[in-house]
Structures are given as structure tokens and as C-alpha cells.
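Biologist: I am new to this structure and would like a close look at a single part of it. Please begin with one chain and then move on to what lies beyond it.

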Amino acid sequence: MRFTGHLDLHRTWERTFRRAGLPIAYSQGFHPQPRINLAAALPLGFTSECELADVWLETEVPVEKVKESLDTAVPPGLIVTGVEIINQHAPTLQTQVVASEYFVTLLDSTQDLDKRIESIIGSADLHRERRGKDYDLRPLILDMHRLPDDEEGRSRISMKLAAEPGATGRPEEVLGQMDITPEAAKVHRKRIIFGVQGEGQSRAGT
Amino acid sequence: MVTPETIKSKLERILPTVQKPGRYTGGELNQVVKSWENISTRVALVFPDIYDLGMSNLGLAILYDLVNKRDDALAERAYTPNPDMELAMRQAGIPLYSLETMHPLSDFDIIGFSLPYETLYTNTINALDLAGIPLFSAERTEIDPLVIAGGHAAFNPEPMHAFIDAFVIGEGEDVIQEIIDVYKGWKGCGAPRRELLRALSRLWGVYVPALYEAHYLADGTFSRIEKLEEEAPLPILKRIVPILPPPPTRFIVPYIETVHNRIPVEIMRGCTRGCRFCHAGMITRPVRERPVEEVVDALEDALESTGFEEIGLLSLSSSDYTNIVDLVNAVAKRFSGKHLGISLPSLRIESMSVDLMDALKGNRHGGFTLAPEAATERMREIINKPVSTQQLLDVAREIYSHGWTTIKLYFMIGHPSETLEDVQAIADLCKAVLAEGQKVIGGRAKVNAGVSTFVPKPHTPFQWVPCDTREQVLAKQALLRRVLDHKNIKFSWVKPEDTMLEAWLSRGDRRMAEVIYLAWKKGAKFDAWGDKLNYSAWMDAFAAVGLDPAFYTHRPRQLDENFPWDHISSSVRKKFLTEDFMWSLRGKIRIDCRQRCFACGVLPTFSDLRRETPADAWKCPEVKRRTVIPVETVASPE
């Protein structure tokens with residue numbers, strides 16, 4: 001499941017609603033699309049426990065019924081943690097996301113991990129290049145600290161990174177800055193932080 | 001020893017580094033995971049190309065469903081990894097593994113390859129190599145899996161004879177069960193592997209190449225096949241199921257995008273049209289249809305268990321399905337308001353009706369496909385696809401008036417006796433179709449012209465004819481590119497190198513096995529992907545083996561020549577194919593055999609089966625019951 005990309009996840013939710021027999025609404029036009037909005041794209045390979053989606057249904061269905069039906073229809077790897085009804089005119093989820101908090105588990109033991117974290121926190125700027133563009137990673141890192149090791153003794157780090165249009169902090173970039181290759185880490189999204197009071201019509205976690 | 005656990009832990013590091021890692025994880029909805037320890041016969045079903053293609057293969061989906069319904073067997077899936085993943089697997093020492101339980105393929109009892117087309121041969125060898133299974137059948141011992149293969153390409157199994165222990169010729173639904181039973185009886189009884197092969201060869205539809213030897217004449221042509229064991233069957237008759245069993249409905253739902261991401265339901269098997277170039281049309285007889293109700297019910301089940309948003313009603317010629325309009329209307333009615341896309345490929349120009357277009361109108365995206373195959377009436381008579389140009393233009397106009405803006409036209413170049421005038425006519429016809437569209441919808445009308453190159457196939461009336469040379473193909477394509485230069489006509493073609501490879505392999509003999517092996521050794525794989533085809537590896541392999549590729553492709557064959565695939569019987573007789581070939585030389589057409597039986601050989605071959613099958617189950621005429629008077633009624637009671 002964690003290797004399902006954003007668009008494919010969208011498709012997976014559409015099929016889940018169809019299997020659940022819930023009357024998902026489709027857009028008008030020549031190529032009707034299911035009206036599902038995911039709050040923030042989860043990069044390939046990441047796991048998460050806090051994904052949010054707005055989903056429009058054609059008719060009103062009691063929330064308990066929506067939850068029950070989804071529970072029987074979700075594919076392996078998806079768990080619906082909660083469902084609530086929101087105002088039709090609530091602003092879209094994407095526009096309200098300001099940051100994400102990630103828990104990163106390092107598969108290999110890393111020397112001087114605390115020092116590497118401190119050095120990042122202590123920097124005034126961290127210029128990096130991504131897809132040919134130069135940018136400053138430092139202001140995108142809102143918080144970063146070590147977590148207790150996991151039961152297998154592997155080091156863990158918490159990172160709170162900005163996630164606004166045009167200013168998205170990426171865990172793999174932070175790891176890169178610490179000289180850790182992305183495939184030597186497992187990244188889990190712990191929390192999506194909303195600027196205004198954000199509510200999803202249907203809330204689901206992976 | 002490599003275990004699923006070691007594979008899983010190594011994958012942790014590798015998957016984030018490869019393209020589309022979702023191909024290699026399994027875990028999709030509706031996959032079947034059974035208890036490995038408690039099941040005696042374990043089958044790996046392999047499509048020797050990437051996941052994206054293999055997941056759309058209906059044949060394997062049917063077998064997966066059937067094998068997993070047994071309590072004493074399990075079936076799991078494997079696909080060829082993309083080259084980036086293959087490299088990573090080889091570096092990390094990960095063998096080819098199954099997606100369900102991550103067991104190495106060498107841990108399975110039976111490996112079943114799907115071989116729908118010839119350009120998968122090098123990938124098949126590569127998959128065996130990646131699995132650490134001996135490549136040559138002769139080198140496998142009692143501890144190695146049984147390697148079987150089936151699919152349309154298996155109707156000429158000879159080029160792959162050295163690598164496959166047993167081929168399934170024909171339909172797999174029943175024989176897969178018998179193969180598992182035979183395997184189960186042999187496993188653990190201590191008998192040598194040869195005994196297993198002997199027992200398999202006694203099953204209807206199974207061909208074990210090791211029990212035969214091929215002989216050639218001094219001029220290099222095929223002479224005859226010799227049985228090495230008294231009991232080996234000759235000829236080997238294809239397997240069929242008398243009535244199509246209920247279609248599978250619990251399809252695996254991939255997390256990632258695949259080629260045909262939809263519910264496939266086969267509405268009909270076989271085709272009565274008799275196009276002379278068509279391999280499938282000859283080898284899948286007799287025609288059997290599924291009842292409308294059965295199709296609609298299956299769709300309902302499948303939609304519930306998968307949530308797919310598109311269905312495909314599949315057959316070789318869907319508009320020939322007896323109740324096609326009823327079927328499409330029934331589907332539209334049952335699933336109205338469900339935002340369901342219906343795809344109905346393979347529509348015949350002459351059986352297309354306005355009613356059918358009305359019924360399909362709700363699904364207009366993606367263009368409407370017609371396959372005239374040739375552009376002059378003369379040529380269409382030779383290939384036995386007799387539709388008049390006027391008919392085609394009438395249908396095209398209706399399609400545009402029904403709201404479609406793009407018509408896709410499929411043609412082939414390289415038909416027997418084709419001239420440059422016939423090729424020019426393809427361009428003229430595309431323009432004529434476009435002109436019809438412009439009359440109806442003006443500048444929005446478009447034509448996509450897909451022009452492939454004809455490859456003569458075994459078991460067809462064209463099995464005798466030479467294939468165009470590379471130079472001929474290039475000249476014809478250059479002509480088309482020049483004359484099809486129009487902003488609303490999109491022209492696509494097949495590279496002649498791809499065509500040559502398919503042509504060598506299609507009518508190859510046992511000696512080709514060494515060429516395939518050497519080509520693979522020299523780096524050939526993914527031959528079906530034009531961009532990955534390694535032509536020089538193939539040419540080098542031919543040179544090393546001392547065979548001339550032109551012998552297989554460009555040589556006209558004598559009418560009385562024995563072919564390397566003659567011992568495989570599709571039930572359509574060589575005598576019939578010969579006659580049909582002669583007819584083609586005179587431009588004589590053969591009408592749809594639903595109208596009239598031409599005695600191709602299906603009925604005499606399967607006369608007993610036909611008698612036992614209800615009249616409407618086959619589109620072949622009924623066979624008279626033998627009048628046997630029971631003895632009791634004759635003898636007068638005391």
C-alpha cells in the first residue's frame with residue numbers, strides 16, 4: 001500500500017466507495033471524475049496515520065453508515081479512523097494544510113545523530129538544489145528532535161516541516177542534508193497541521 | 001537458502017530505489033493467500049512481462065481463480081521485473097518470487113507461463129534464470145519445479161521445446177486441474193521425473209516435447225516428428241471446454257495503474273468469420289457464447305467485489321455475438337447511474353448496427369475502432385474480410401453522427417500479393433473516412449490509422465506465404481508517411497525489426513531454440529517492447545547457430561511441405577487450410593460459417609463432444625445422433 005502514488009490512491013478511494021455501495025458524486029462534463037479531495041499528497045513509500053479526504057456523496061447517508069460500509073470495503077493497508085459531515089462550502093483541505101509532522105526511523109545506525117540534528121537546527125540557512133532549482137531548506141523545518149529508539153533499537157527522529165503551496169519541506173531532503181540516503185529510512189506521517197479549523201467530510205487514515 | 005523473510009527484508013531497501021515499486025509488493029485486494037505449509041501442490045502463474053501488462057491477462061486470472069478454489073492446491077503470481085528492478089534483484093541476490101507469499105519460484109511445484117505471443121520467449125528464459133531454475137528441460141531433476149506453458153503461441157511450441165517440460169495446447173480450464181492431479185499423484189511417490197512427463201502426455205491437450213524428435217530434410221525444411229515412446233500421442237489434439245464455465249468475478253484490484261484496469265468478461269470464444277490471416281480465429285474454434293444473463297450477473301458480482309469503474313466485454317468479434325444489442329442494453333439498464341464505462345472491443349464493420357451505436361453512445365470517449373485490415377476490395381477478398389468500401393464509409397458516417405470524433409482504423413501491410421497501389425489505397429481510404437466525418441462534424445473529425453505489418457501464422461491459410469522483407473516494409477511505410485500527411489490523421493506503424501522477430505519465431509522449428517537461447521545470452525529480452533528490442537543480438541545468434549533468418553520469413557513454402565507444427569492439431573485440418581489458401585489466390589471468399597458449415601475439421605474431430613452439448617451452445621451445426629437401437633427393444637420379451 002505504501003507504494004501507491006497519489007493519483008493511484010485517489011483511484012483506490014473511488015473503488016473503495018464503489019464497493020461500499022456509497023453513492024459517490026461525480027463531476028459534470030465529458031470525463032466525469034469522482035469528487036474526492038485528498039488533503040496532502042503522501043510521497044511514495046511513506047506510511048501515515050492521519051490522512052484526510054473530502055468526499056462528496058450524491059445523497060445524504062448517515063455518518064455511522066458511511067463508516068460501517070467503508071470498513072467492509074477498504075483494501076488491505078487502509079483503515080478508516082473516522083467520518084464526519086462537513087459544510088458543503090467549507091474551504092478545500094489542500095488550501096488549509098500548513099505543515100506535516102513525520103516520524104523517521106533510520107534503518108542503519110548513524111554516528112553523531114544528535115550532532116547532525118543540532119547542526120541543522122543551528123544553521124541560519126541550508127541551500128539545496130532540487131530539480132535544478134536552488135532553495136533554502138532551513139525555514140521549512142519548523143521543528144526537529146530525536147524520539148526514543150524503537151523496540152529494535154533503531155534511531156527515530158521527529159520532523160515538523162512546512163507544507164504550503166510553493167514551500168513544502170521534504171523529509172528526504174532533510175535526510176539528504178544529514179548525509180542519510182532516503183532508502184535507509186522509513187518515513188511515517190504522524191500529523192497534518194491545518195492553519196484554519198480543517199475538517200474533512202470523510203476522514204481516513206492509512 | 002532464500003526464504004520469504006530474507007526476500008522481504010532485502011526488498012525494504014530496494015523498493016524505494018526502483019520505478020513503480022507497487023509492481024513488486026503484492027498485497028492487493030482480492031489476492032488469495034493460502035497456507036503454504038498445509039497445501040501440497042503449489043503453482044506459480046507467471047506472465048513473462050511486467051506487472052502492468054500481466055495483471056490484465058484474463059487467461060491467468062481464470063487459472064488463478066480455478067486453482068485457488070481447490071483445497072489441495074494454491075496459485076500465486078509472478079511477473080518479469082522491469083530492467084531496473086531486475087538489476088537490483090540480481091545485485092541483492094533476490095530470486096524471482098511470488099507476490100502473495102514472497103516465496104522464490106524454485107520453491108513451487110509447478111511454474112505455469114502464459115505465452116500469448118512469441119515475443120515473450122526471451123523473457124520466459126530470463127524469468128527462469130532469475131528464479132534460479134535450470135533453463136533447459138533436460139537439465140531439470142526431481143527437485144526442480146515442473147515448467148509448463150500455454151496460450152496462443154503454444155500452438156507452435158517447437159521454438160520453446162527445449163525450455164518447457166509440458167505445453168498446454170488449447171483451453172486451460174479443465175486440463176490445469178488434471179495436471180495438478182497427475183502432479184500430486186507423482187510427487188512423493190519416488191518415481192523419476194520422466195514418469196511425470198509420461199503421465200502428463202496422456203492428458204488431452206498436453207504436449208511433452210521430450211517424448212518426440214524432429215527430423216529435417218537435406219534442404220533444411222522439416223521432414224517429420226518421431227515419437228520416442230510408443231504411448232506418446234500423435235497428433236496432439238488441442239483441449240477445449242464444451243461449454244464456457246462461469247467467468248471469474250473476484251479480480252485482483254491493483255493499487256497502481258495497469259494497462260487494462262477494468263473487469264474483463266469474455267462473452268464469446270472463437271470466431272466464425274474465417275479471416276485468413278487470423279491465428280486466433282482458426283485456433284479457438286468452435287464458437288461458444290455465454291448467455292446474456294450469465295454475463296450480466298457476473299458483472300454485478302465483479303463490480304461488487306472490485307469496485308472497478310470500467311468493464312470490458314471481450315471476444316474476437318463482439319458485434320457477432322448473437323444478442324449483442326440486448327447485452328449492451330441490459331448492462332446499461334442494470335448499472336445505470338453507476339458511472340460505469342463499457343468497452344466493447346473488436347467490432348465488425350458488417351455487423352455494426354445503428355442500434356448498437358445507440359446502445360454504446362454513453363461511452364464515447366476513446367474513439368471508435370474499426371479494423372478493415374486492407375483498403376481495397378480485391379485485397380479484402382484475398383484475406384477474406386469481405387466488406388465493401390461503401391459499407392465502411394456508411395458505418396464511419398454513422399459513428400461520427402453518433403458523437404464520436406475519432407475513428408481508429410486498423411490496417412496491415414504485407415498481405416499476400418499486395419502492391420504499392422493497395423498501400424496507397426490505405427491512405428485514400430483514411431482520407432475518405434475523414435471526409436465523411438468532416439461532412440458531419442467539420443474540423444473536429446479525426447482518424448487514427450494504425451498500420452501494422454502482416455506476419456504469417458501457423459495453423460492459418462496463410463501459413464505458406466512469405467513475409468515482406470525489411471526493405472519492402474520500409475518502402476511501404478515511407479509511402480504511407482508521405483501520403484498520410486494530414487493534420488487530422490495520425491499514422492502509426494510497427495518497426496520492421498519487431499515484425500521480423502515475430503515472423504522468425506511464429507513459424508520456427510526446434511532449431512530456433514538455440515537461437516532464442518543465444519539471443520537471450522547476448523542480452524535480448526523485452527522483445528515485445530519496440531524500444532528494448534535488441535536486433536543485433538538476434539542477428540548474432542542466428543549467425544552463431546548457422547541458421548538463415550530469411551529461411552523462416554521470406555521463403556515461399558511448397559504446398560506439400562511438412563511443417564514443424566503439423567503434429568499439433570487445432571482441429572482445423574491442413575486440407576481445409578490448403579483449400580482456403582488456394583481460394584485466396586483466386587480471391588474467392590468464404591462467408592461467415594454461421595451461415596453455412598465449410599467442414600473445417602472441428603465437427604469430425606469433436607463429434608462426440610458436439611453430440612453431448614446442447615444445440616445452441618456451439619455455433620457449429622449439430623451432429624446427428626448415431627441411431628443405436630438398444631438390444632432390449634429388439635429382442636422380443638419372453
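Biologist: Of the 206 residues of chain A, what percentage count as buried?

Modeller: The figure is 32% of the 206 residues of chain A. The model is predicted, and a word on confidence belongs at the start. Chain A has a mean pLDDT of 90, with 95% of its residues at 70 or more. Residues 197-206 of chain A are a stretch to read with care, as their pLDDT is below 50. In the model this stretch still has 42 contacts beyond near neighbours in sequence.

The C-alpha trace of chain A spans about 55 × 35 × 30 Å along its principal axes. If contacts in chain A are taken between residues at least 6 apart in sequence, 71% of them join residues at least 24 apart.

Chain A is divided into two parts: domain 1 covers 6-90 and domain 2 covers 94-197. Taken over C-alpha atoms, the centres of domain 1 and domain 2 of chain A are separated by 28 Å. Where these domains touch, 10 residues come from domain 1 of chain A and 10 residues from domain 2 of chain A. On the side of domain 1 of chain A that touches domain 2, there are 6 nonpolar, 3 polar and 1 charged residues.

Chain A also touches chain B. That contact takes 20 residues from chain A and 21 residues from chain B. The chain A side of this contact divides into 8 nonpolar, 6 polar and 6 charged residues.

In soluble globular proteins, nonpolar side chains tend to be buried together. The largest nonpolar core here has 180 residues, and those with the most contacts inside it are B:Ile148 and B:Ile426. Helix H14 of chain B, residues 420-441, gives the largest share of this core, with 8 residues. Leaving aside residues up to four places away in sequence, B:Ile426 touches B:Ala375, B:Phe411, B:Val451 and B:Leu480. A second, separate core has 36 residues, among them A:Leu9, A:Trp13, A:Met178 and A:Ile180.

From here the walk goes on into chain B, with B:Leu479. This residue lies in helix H15 of chain B, residues 470-483. Not counting residues up to four places away in sequence, B:Leu479 touches B:Leu420, B:Val423 and B:Gln424. B:Val423 is 56 residues from B:Leu479 along the chain, yet their C-alpha atoms are separated by 7.9 Å. B:Leu479 is partly exposed because 16 other C-beta atoms lie within 10 Å, while a buried residue needs 20 or more.

Some backbone details of chain B remain. Most residues other than glycine have a negative phi, and most peptide bonds are trans. B:His459 has a positive phi, near 65 degrees, and is a residue other than glycine. It is placed in the loop between strand S17 (446-453) and H15 of chain B. B:His459 counts as buried because it has 22 C-beta neighbours inside 10 Å. B:Ala599, also a residue other than glycine, has a positive phi near 55 degrees. B:Ala599 sits in the loop between helix H20 (574-585) and helix H21 (602-605) of chain B. With 12 other C-beta atoms within 10 Å, B:Ala599 is exposed.

One joins B:Leu234 and B:Pro235, with omega about -5 degrees. B:Pro235 belongs to the loop between strand S8 (222-227) and strand S9 (236-237) of chain B. The other runs from B:Arg285 to B:Pro286, and its omega is near -5 degrees. B:Pro286 is found between helix H8 (279-283) and strand S12 (288-289) of chain B, in the loop there.

Terms used:
Residues numbered from 1 in each chain as written. Chains lettered and ligands numbered in written order. Predicted model: local features only at pLDDT ≥ 70, side-chain atom pairs only at ≥ 80, totals over all residues. Contact = placed C-beta atoms within 7 Å. Nonpolar A, V, L, I, M, F, W, Y, C, P; charged D, E, K, R; others polar. Helix = DSSP H or I, 4+ residues; strand = E, 2+ residues; numbered from the N terminus. Core = buried A, V, L, I, M, F, W, Y, C linked by C-beta atoms within 7 Å. pLDDT = per-residue confidence, 0-100. Domains from an automatic or database assignment.
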